[in-house]
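The following exercises concern the fold of one chain and the packing of its elements. Each task is followed by a worked solution.

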Amino acid sequence: MAIQTVAVVGASGNVGKPVTQALIKAGFKVTAIARESSTSTQPEGANVKKADFSSVESLTKALEGQDAVVITVASAAVGEQNPIIDAAIKAGAKRIIPSEFGHNPAKIKHQTLNTLLGGKHKTLEYLIEQTKAHPATSWTGIATEPFFDWGLSAGLFGLDLKNKTIKVYDSGNQTVATSRLAFVADAVVSVLQRESETANQYISVAEFIVTQNQVKKIIEEELGAEFQVIPVKTSDLEEAGKAAIAQGNYGASFVPFLLAYNFGDSHGHGYKAEDADNEKLGLKAINSADVKQAVKDWLKTQTY
Ligand SMILES: NC(=O)c1ccc[n+]([C@@H]2O[C@H](COP(=O)([O-])OP(=O)(O)OC[C@H]3O[C@@H](n4cnc5c(N)ncnc54)[C@H](OP(=O)(O)O)[C@@H]3O)[C@@H](O)[C@H]2O)c1
């Protein structure tokens, strides 16, 4: 029987909320699983259950009757997904989607970044091992590349709308694949609707391929104002990342390395449209002409 019931673990978050909303809209019966200590607002329309995320017993009880478990826990908790995986298998879930939603780990050739992403990588290894041992449960990893709307708001693209400045990394011409949160949510829905085609594999999706300079041009046209460029060398970012690691501050080292990896001129990892599985999932093909409308939509959500 097709997947009907879905638990979203971390449903209150940036990814969890739109994923929960899209699943409900697509007709799935959704249960949000929150931490016992959580005070977060859970998405409307979902059943809500609380569990002790360190207890397989508590999680198994919360996950009873769920056909699929989508984990969208915070970056800080991605290394702590094993009890959720164990519980999902015990509860008889057919599919587990781990908290990934970034770069496809098989494609990251940057050693330090891979080390910093160790929590996700180790979880994926554990998930693969456990689903091999318990073949009634399968897994799907989903890479979505950096989030576009969330990333614009979070400063990932270097924009400061109030002061009309943009940090441009190296030349600003490195292409970056990116997805809006609604597109990420659609990808999760599509995976669960295509159970057999998406089992036990890593799926890559992306909505646009853009450069920072293209985003800058669109923003300037929309706002009728020129943005002052603050040039940033990604080699300096990497040095800052290394210095943070030397001080044992791994958290602070991640963003500089991530920015350098995504936007730097020299990494040669440029994402190509054919790298994406959009068609397999029935999602729209990468169309960079849509970026303008995406920027317009994002600007409407901003005060500046
Ligand atoms: N590609 C990108 O640009 C990008 C950007 C951001 C995030 N991501 C990835 O997307 C996934 C989800 O991230 P997110 O930003 O959606 O997460 P988030 O909003 O920071 O957190 C999601 C939820 O996780 C739960 N949680 C469980 N353990 C937690 C802990 N120890 N600390 C804090 N929250 C905890 C909380 O839910 P309750 O309170 O309901 O328990 C929280 O609301 C992660 O894998 C992250 O790395 C990717």
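**Exercise 1.** State which residues UniProt assigns to the feature "domain: NmrA-like", and give the helix and strand content there.

Step 1. The UniProt record, an unreviewed entry, places this feature at residues 4–236; such annotations may be inferred rather than shown by experiment. Step 2. Over residues 4–236 the chain is 36% helix and 22% strand, where helices (H or I, at least four residues) and strands (E, at least two) are DSSP runs numbered from the N terminus. Residues are numbered from 1 along each chain as its sequence is written. The model is predicted, and local features need pLDDT of at least 70.

**Exercise 2.** Determine the strand order of the open sheet and identify its edges.

Step 1. The order of the seven strands is 3-2-1-4-5-6-10, with parallel pairing; a pair requires at least two DSSP bridges. Step 2. Strand 3 (47–51) and strand 10 (201–204) each have a single partner strand, so one side of each lacks a neighbour in the sheet. Step 3. Between strand 1 (residues 5–9) and strand 4 (residues 68–71) there are four bridges, and Val6 stands opposite Ala68 in strand 4.

**Exercise 3.** Describe how helix 3 packs with helix 5.

Step 1. The axes of helix 3 (residues 82–90) and helix 5 are 10 Å apart, at an angle of about 20°; axes are lines fitted to C-alpha atoms over the stretch in contact, and angles run from 0 to 180 degrees between N-to-C directions. Step 2. The two helices are therefore roughly parallel (angles under 35 degrees). Step 3. Contact, meaning heavy atoms within 4.5 Å, involves residues including Ile85 of helix 3 and Leu127 of helix 5.

Definitions and conventions: Predicted model: local features only at pLDDT ≥ 70, side-chain atom pairs only at ≥ 80, totals over all residues. Heavy atoms only, no water. Parallel < 35°, antiparallel > 145°, perpendicular 65-115°, else oblique.
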